[in-house]
2 protein chains.
Amino acid sequence: MSKIDEMVVKTLRVLSVEQITRASSGHPGIALGAAPIIHVLYSRILKSTANKPKWFNRDRFILGAGHGSALLYSLLHIAGYGLKIDDLKNFRQLHSRTPGHPEMDLTEGVDASSGPLGQGIPEAIGMAIAEEHLASRFNKEDYKLIDHYTYVLCGDGDLQEGLTQEAMSLAGHLALKKVIVLYDSNDIQLDGEVCFANTEDVSKKYSSMNWNYLLVKNGNNMEEIVEAINEAKKSDKPTIIEIKTTIGYGSSMAGTSKVHGKPLGKEEVVLMRKDLGGEEFTVNKDVYDFYDGVRLKGQALYNDWLEVCDNYQEKYPEDFNLYTKMINDDFAIDFNKEIVDFPKDYFKSTRVSGGEILNDINKIHWGMIGGSADLTSSTMAKGADGNFCKENRLGRNINFGVREHAMAAISNGIALHGGLRPFCSGFFVFSDYMKPAIRLSALMKLPVIYIFTHDTVAVGEDGPSHEPVEQLTMLRSIPHLNVIRPADAIETKEAWEIAYNTKNRPTVLVLTRQNVPMVRTKFSDLTSLGAYVISKEKNRIDKIIIATGSEVSLAIEVQKILLAKGFDSRVVSMPSVNLFEAQKDSYKEEVLPSAIKARYAIEMGEASHLYKYLGLEGKLFNISQFGLSGKAGEVIADLGFTPEKIAKRILE
Amino acid sequence: MSKIDEMVVKTLRVLSVEQITRASSGHPGIALGAAPIIHVLYSRILKSTANKPKWFNRDRFILGAGHGSALLYSLLHIAGYGLKIDDLKNFRQLHSRTPGHPEMDLTEGVDASSGPLGQGIPEAIGMAIAEEHLASRFNKEDYKLIDHYTYVLCGDGDLQEGLTQEAMSLAGHLALKKVIVLYDSNDIQLDGEVCFANTEDVSKKYSSMNWNYLLVKNGNNMEEIVEAINEAKKSDKPTIIEIKTTIGYGSSMAGTSKVHGKPLGKEEVVLMRKDLGGEEFTVNKDVYDFYDGVRLKGQALYNDWLEVCDNYQEKYPEDFNLYTKMINDDFAIDFNKEIVDFPKDYFKSTRVSGGEILNDINKIHWGMIGGSADLTSSTMAKGADGNFCKENRLGRNINFGVREHAMAAISNGIALHGGLRPFCSGFFVFSDYMKPAIRLSALMKLPVIYIFTHDTVAVGEDGPSHEPVEQLTMLRSIPHLNVIRPADAIETKEAWEIAYNTKNRPTVLVLTRQNVPMVRTKFSDLTSLGAYVISKEKNRIDKIIIATGSEVSLAIEVQKILLAKGFDSRVVSMPSVNLFEAQKDSYKEEVLPSAIKARYAIEMGEASHLYKYLGLEGKLFNISQFGLSGKAGEVIADLGFTPEKIAKRILE
């Protein structure tokens, strides 16, 4: 490496600690330690250009160790990605483009919001699945539309996380050779030396999981890093490169856990700058010039690719047309006409009707890809075209294995990549295992579709450990997330239409294990209102009964009993609290007239979100204990969810 | 092995499928495949006796693959653990003692409720930590009070789960040589062959993680299993024994995924019984007699141990006294006198006051043990006596590494073992990673103490990925769980007192990152009421303002502004929704008089549980979006949480 490389690395280090010390907040440890890795990556390795940060065929990069944000921002600044010096000065300040951890919607050049440990590697693996699939679908001998690597920089913490282990096990199995993990191995974590908590044989562990393991002994030796990455590209396995670095390199706290998250003192930052020269927050012109060259080199690669696209389009117009549709997620479906219809006497679970709908969607949308955590035969959520595997990259069913958390994070990665539309599936109670990744789907506004089945204590025999109670509440409370629990096959189809057409946030579909009767006759857009009157009062409203999912038919039975006793009630189906909340006040008032204080809600779950609609005089029929093992009907009855029992309690 | 062994194994198989087929529900695959393992374990290996199922020094056994419950129940029946034939006939029926997955409070001889995959191995590892610690503390050259193994039977699914990987990595590091994992390796999972989803080199993987790996090639060869377990006991590492079995052995669906969870037909069960002889649901007297011998052998070991106890007590009375206190969790603390006092002008975060309180508790309660997922310096929750490690088994601080989920599951294991009182700690937002294990703490009624800090968007600079919003709602919705969010150091001390004295359920303490002023002056029992009037109205109530945690001081400021504008309000501090719900109606009415409809609640989180107290006319000041990166004060103000802004919105 040349002198300019040394200067760039110094600049990255100094700019980073200047940001952190100015903000009095941030993580100098990784910024100082991993600067050479980031520089090598952006200058020698990544196929990308600041001119086209969203280039579809660019190499992807995820800063798994998102607390290294200052380093990334320093690089994005000098590489011309649009971050200005003023942005660096505003590091970690309110409404800045340089938040504490990278956020993809705030900062150009950030491929994934990161920070929660363990999520970056699975996301990268999701990206690599998308790349392999799209490459197999579109690439020709003569023209390659899709051909890129996915890199992720991670630390010790990432690798200790279970979901990373799940994802790496799967990636090795799938031989996703275009994932390259750069492991910033500095032997230190927050509570002290790594060896206080972890003494694995790293090489042996990842080799056993079908990964290619490489070691860079000196993370300040940039040639060594370049060589390792070039070596990695020759492997037919995913690669992890362990790069030995020094946390907080060059600072007085180097090599200690103190420097992980504690800003350096001002004097020390001044001292580090002294060696480099220039004023605080300045960059030598040579550095900018060097990265101008990098940018132009990337632009040239981009231009070459445009030419490939042109030639491809000419020679393979149909394929190119499909490619365009896929990268734009442009497969409009007329759900009324193109998706399975359900007869009035249809009496199956919503997992079954949901599965039928998905099968139809799979036929139309070539980019639908997904699977379940070893529960496909139960959740009925299966991808088309066989299993995605080493031998069949065109398979759109992913056998995730019993790896729920990685499944969700990998789905995020597929969505981040673009070109494919991911779904994933499991038992509703085990959405718990996926919560951190579902939260990130929402935070990153990714259109992942989550299909959860076996949605209440009606799971029955499997008992409390398998019966969801509080999961609806958990998911309803996540911001930017559609949660829809349909009542019958028609609401399920409407829910699927919403999920399918929602491109700016994830959607969770909550489906039954048990058969449910039809409560609707005609497909429309009622579910999109979140709540609507499904069974009107006869004359004037005495009471309102709100119900969701499988409890809607129960509520209608209750309504009949009440009517026979002389009470006129209205039943409101509320498949989605968040969609109802998004309606106008006038519509809400229409559905739930405020004059009516006798309000009831029925949901076989913890259901606390429904209190909002009940008032102090209302009553919630919910479940606030764990479930029971027994025949579904008996469990439900034991917990009080029969029309007679509820009607009786209302009349008391 | 003798003929009787063959007969026992056949009996276990037939009894199990009889249960499953009668219930038309259950998992024959593992019951048929793993019967020899269970028989070998209970007859040749386990130091235990049906006469004393809770013997403190017994070997522990966790059926990680809890869906194998029928097999366990068959064994517990013939081994004399109290399950009758009628119980087996009621398999998976409502209110039976033989639920779908093992439940420790329903069935004698079940050491842990199991079923959710991945939890069993970490729990076993927690048990082994407890065993090592107690053995180090109490055993003498001449007398060993604590000296037992912990076994867990797991399947492929368990090992694919990330939390298992986290826990095994830690167990290898800690050299917990008394954990023996029996891996029922049958090459099949629900969605097909294991090799569709996983192709690791098992031996190499676990060796790399400092485990001893052994292989039993034929899981029907009981000698081979015994030999492997005896071999395992010689190792100074934890051992995983991969035992090759055939799923659904002996049935027409053997070796296929169909037999995993599908009952056999009645004819087939009759056919299997034919070979064994006898009527349906009967057991040959020889089998009972054999297990009578096992029970008596166990009783003899128990008697030996009682003698050891007697001698120990005589020779080491003080140690024995401490031992008795520890296994009974009998360390009464007068929190008023023995735990740190906080002056009126104390102005620190509740994580800091919480840490001070824990340090005092650690000095008194010798069984307090715990740590954090690499965040001890941030959460201030540290165990005493140094790090628990290979060289210091008396250390009561556990360096869990960045392994949140395993941390929680291991804590469950420690609690299950008894003799120690576990706590664990992390950032509140990352309670998400631990949700499945927290749910199990609650389901098993284990007194684990969870200490979560950095409880709101006041985290500040780290931004939305690190700022909890919906986590309080998530945890409040779990049944049987104390969730307490104290307002200041005194409420924190009261919260700790509740956590400490609650032995029949877990408690979550939700603490601040930022400093908070004192809103109380005198330690008492107010927090145990869940909610109470912290700042009275001046004359008569116009409005009620409910607040929790750090928002209580904010609410008091709002109250002052309102008073200056002529509105008389009452401020209610509500540290715990679940504790308030447990109060009498009369007390609730006293605190929140139903006549007052102008109700407000302030909580910097999603806060939907508070709607219950607001009514249709009330107003919730909450956060229903993700947080922001910036200085804490600015983030809070930007989201509207200043006294002026809230007072203004109330007055509108």
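**Figure 1. Relation between chain A and chain B in the predicted model.** Chain A is superposed on chain B by a rotation of 180° with 0.0 Å of shift along its axis, and the RMSD is 0.0 Å. The two chains are therefore related as by a two-fold axis. Both copies use the same surface, since 99% of the contact residues of chain A recur in chain B.

**Figure 2. The contact between chain A and chain B.** Chain A contributes 88 residues to the contact, and chain B contributes 87 residues. On the side of chain A that touches chain B, the helices that each supply at least two residues include α7 (156–160), α9 (202–208), α18 (404–417), α19 (435–443) and α25 (632–638). Helix α8(A) gives the most to this side, with 6 residues. The side of chain A that touches chain B comprises 28 nonpolar, 38 polar and 22 charged residues.

**Figure 3. The largest nonpolar core.** This core has 409 residues. The members that touch the most other members are I125(A), I241(A) and L509(A), together with I125(B), I241(B) and L509(B). Helix α2 of chain B, residues 28–45, gives the most to this core, with 11 residues.

**Figure 4. Surroundings of L509(B).** L509(B) is one of the residues of the largest nonpolar core that touch the most other members.

Notes: Residues are numbered from 1 along each chain as its sequence is written. Chains are lettered from A and ligands numbered from 1 in the order in which they are written. This is a predicted model: local features need pLDDT of at least 70, side-chain atom pairs count only at pLDDT 80 or more; totals for chains, interfaces and linings use all residues. Copies are superposed by least squares on the C-alpha atoms of residues with pLDDT of at least 70 in both. Two residues are in contact if their C-beta atoms, placed from the backbone, lie within 7 Å. A nonpolar core is a set of buried Ala, Val, Leu, Ile, Met, Phe, Trp, Tyr and Cys residues joined through C-beta atoms within 7 Å. A residue is buried if 20 or more other C-beta atoms lie within 10 Å of its own, exposed if 12 or fewer, and partly exposed in between; C-beta atoms are placed from the backbone. Helices (H or I, at least four residues) and strands (E, at least two) are DSSP runs, numbered from the N terminus. Ala, Val, Leu, Ile, Met, Phe, Trp, Tyr, Cys and Pro count as nonpolar, Asp, Glu, Lys and Arg as charged, and the others, Gly among them, as polar. Lists of a residue's contacts leave out its neighbours within four places in sequence.
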